[in-house]
Amino acid sequence: MGPIGENELFFLLQGLKWTVLLAIIGFVGGGVFGILIALVRTSKNGFARFVSSGYIALFQGTPLLMQLFVVYYGVALLGVDVNAWIAVAIAFTLHASAFLGEIWRGSIEAVPKGQTEAANALGLHYISRMKDVVLPQALKISMPATIGFLVQLIKGTSLAAIVGFIELTRAGQIISNQTYRPLLVFGIVGMVYFIICWPLSHIGSGLEKRMAKAVR
């Protein structure tokens with residue numbers, strides 16, 4: 001058994017850096033497309049709602065692992081050479097956009113209809129109505145579910161190793177193979193995930209409880 005020294009810990013930190021960056025890119029990119037999907041899902045255009053509903057069903061109904069495979073190897077079949085970093089960033093953005101779009105769709109529809117009717121009575125056009133009246137309230141409603149999805153996305157980054165992307169879990173696997181100390185290495189990896197995810201889960205639970213009290 002080899003020792004776990006500064007070099008191994010630094011390698012884990014490098015993996016952690018890519019885990020955090022991948023989660024941020026997937027969440028931010030997914031958020032941008034997710035809000036567009038949510039707006040389309042709540043629009044009056046039946047065809048647009050049908051297409052966006054199919055998009056959401058596709059990504060919610062298939063494993064993230066398969067989505068990573070399809071993006072990484074599927075794009076290569078089209079003759080486009082992409083590295084692992086770009087492939088997983090695209091896959092996580094698409095994955096996050098479907099889930100966030102559906103979360104925010106539900107939040108938009110949860111805003112009392114009286115708010116929209118009041119905005120219409122004031123003569124606000126669609127963009128102002130959504131930007132100033134509906135979306136701020138919908139965002140507040142969606143916070144617990146949004147944070148919960150972010151936690152799942154962070155943990156889901158471990159699947160990126162399947163296409164050669166070295167994030168925290170893959171870095172741990174490499175170190176484990178070198179040191180023959182899997183329990184210690186993955187114990188450290190698990191603790192790092194816990195330190196990142198538990199505070200977020202706690203915040204999400206707190207917001208959910210606070211909102212439940214406000215409704216009563």
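**Ground rules.** I number residues from 1 along each chain as its sequence is written, and I use heavy atoms for side-chain values, leaving out hydrogens and water. Since I am reading a predicted model, I take local features only at pLDDT of at least 70 and side-chain atom pairs only at pLDDT 80 or more, whereas totals for chains, interfaces and linings use all residues.

**Whole chain.** The C-alpha trace spans about 70 × 50 × 25 Å along its principal axes. Of the 216 residues, 36% count as buried, a term for under 20% relative accessible area, with exposed meaning over 50% and partly exposed lying in between (1.4 Å probe, protein chains only). For contacts (heavy atoms within 4.5 Å) with a separation of 6 or more, I noted that 77% come from residues 24 or more positions apart.

**H1 against H7.** I then examined helix H1 (residues 6-41) and H7, whose axes come within 7 Å and cross at roughly 160 degrees; the axes are lines fitted to C-alpha atoms over the stretch in contact, and angles run from 0 to 180 degrees between N-to-C directions. The two helices are therefore roughly antiparallel, the word for angles over 145 degrees. On the H1 side, the residues in contact are Glu8, Phe11, Leu12, Gly15, Leu16 and Thr19, and they meet Leu168, Ala171, Gly172, Ile174, Ile175 and Thr179 in H7.

**Ile127.** This residue has its place in helix H6 (residues 126-156), and at 56% relative accessibility Ile127 counts as exposed. I also checked Ile127 against Leu21: the pair is 106 residues apart in sequence and 32 Å apart in space, C-alpha to C-alpha.

**Tyr180.** My last entry concerns Tyr180, which lies in the loop between helix H7 (168-179) and helix H8 (182-215). Phi of Tyr180 is near 60 degrees, a positive value in a residue other than glycine, and Tyr180 counts as exposed because its relative accessibility is 58%.

Notes: Helices (H or I, at least four residues) and strands (E, at least two) are DSSP runs, numbered from the N terminus. Angles under 35 degrees count as roughly parallel, over 145 as roughly antiparallel, 65 to 115 as roughly perpendicular and the rest as oblique.
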